[in-house]
Amino acid sequence: MQVKIKPLPINTFRENVLVLSRDCSALRPARLKGSRKVEVTAGGVRILASVVIADDPMLVGADEAGLTQPAFRRLGAPAGALAHIAPAPPPLATSAIFDKIRGDTLTAAQLTDVVHDLVDHRWSDMEIAAFLVACASFMTADETLALTDAMARAGKRLDWKHQLVVDKHCIGGVPGNRTSLIVAPIVAAHGLLFPKTSSRAITSPAGTADTMEVLARVDLDEEEMRAVVERCGGCVVWGGRVNLSPADDVLISVERPLSIDTPDQMVASIISKKIAAGSTSLIIDVPVGPSAKVRDTRAALRLRKLFEFVGSRLGLHVEVVMTDGSQPIGRGIGPALEMRDVLAVLRGAHEAPADLMAKSISLAGRLLELDPAVRGGQGEARALELLTSGAALRKMEQIAEAQGPSPVSGAVGALVHEVTATADGWIAGIDCLRIARIARLAGAPTDAGAGIDILKRKGDNVRAGEPLYRIHGVEQADFAYAAGAADAESGFHLT
């Protein structure tokens, strides 16, 4: 039997949820005992969903199937359309979890089944977490390669019809490191294709997409993204609408709350996304520092070898650049404050952060030297020329105009709290993780104007009572919480 689709104004984030009446005419709830998912089919599209039973006929009737927002969007059928509901078949690769827990090495076929299960939402968050923890304990390079390949093939794969399509990615862990928004217009202004898809923040104060959204719309679908790239030679958009490596989005949603970010999963995530986005060459920024994701050079070298191995086997040219991750980059931490720094660099303003500018030129130079027309060693000079001439700024303005007006305010939060030095001394270190946490407590990135403005750097001399940084807030409750946390432990270590 069939039921009518009823969209429900409920956002269940990543998870597909179907709400059925206890008196459902199409599928008795008793039949679902022992089943974790149901299959919903309409108009030739099939999704899997978890089931919630409702006793209120005002929510869903006996002949209706209530779909939460993610499920309704993915099914793509209009309200009132008929849908068929049946218990879902069991996952393909549940046994892979137990095999991995035992320490077994999974085959490429098993990992392909894992990815298909993830894309079809067949696994619970508990099963995904068990799989991630087991992989964190032991994973071979060949397993990482097979997982990456399966993830890249599971969703859409863009083809730009160009021999050279470049990208740049940072593994994260350093607040304010918003170089992509400077590198992208420099490289596009030179003439290389730079279709940048970026993530939103999960545990950081701002992702590249969050910061770009202060300047322009980033929620573009594939057709809109292609139009921008054809017009401008580049873009900076949120990758969530383009359905690239969708299994990665599922894994990330469970990884981040558990703070699981192993080298193997990191490589699979980044490389699969870039291959699916149609990139042919990729520069990866790996910040190394005592409070960064990668703590020492030895770990960075191991990560570089893994990136290069997987990239080369899958036809992606990868260069890994190890950079200074000992302190935040630039001054602003949080979308509006970071965009202020980005625009200052692009405009050549005297207050532009020198470290953000220098790092962006260095990374852009590496990408420009992928162009056969640029001589080796001349990439940075060309990047600086494009920046100082205003060509990069004009390109960013063109990209922003093509992507559309920003839906968020770029105003910096009006609530301000200064965190001061507790004694005379010099700044021996800055805890990147602590600073990022305080910025998030202040409301970033949900409130684009919230965050931190860094006033002092590592190595600076300070006097007791001198400001180290300012916290900006939009909502009083978040702002007060962040100010209290900063006063208890600022993240600045004086000696």
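Modeller: Rings of Phe, Tyr and Trp count as a pair if their centres lie within 6.5 Å. This is a predicted model, and the structure holds two aromatic pairs.

Colleague: Why is the pair of W123 and F131 called edge-to-face?

Modeller: Look at the angle. The planes of W123 and F131 stand at 70 degrees. The ring centres are 5.7 Å apart, and the limit is 6.5 Å.

Colleague: What makes W123 count as buried?

Modeller: Its relative accessibility is 2%. Buried means under 20%, so W123 qualifies. F131 is buried too, with a relative accessible area of 0%.

Colleague: What makes the pair of Y469 and F492 tilted?

Modeller: Their planes are 35 degrees apart. Stacked needs under 30 and edge-to-face needs over 60.

Colleague: Which parts does the pair of Y469 and F492 tie together?

Modeller: Y469 lies in strand 17 and F492 in strand 18, so the pair joins parts 23 residues apart in sequence. Both residues are buried.

Colleague: How do you know that R226 lies over the face of W160?

Modeller: R226 is 4.8 Å from the ring centre. The cut-off is 6 Å, and the charge must also be within 35 degrees of the ring normal. R200 has its charged end over the ring of W238, 5.3 Å from the centre.

Colleague: Which residues have the most contacts inside the largest nonpolar core?

Modeller: I186, V187, M212, M225, L346 and L367. That core has 59 residues. A second, separate core has 25 residues, including L111 and M151.

Notes
Residues numbered from 1 in each chain as written. Predicted model: local features only at pLDDT ≥ 70, side-chain atom pairs only at ≥ 80, totals over all residues. Heavy atoms only, no water. Core = buried A, V, L, I, M, F, W, Y, C linked by side-chain atoms within 4.5 Å. Buried < 20%, exposed > 50% of the residue type's maximum accessible area, 1.4 Å probe, protein only. Phe/Tyr/Trp six-rings, centres within 6.5 Å; stacked < 30°, edge-to-face > 60°. Helix = DSSP H or I, 4+ residues; strand = E, 2+ residues; numbered from the N terminus.
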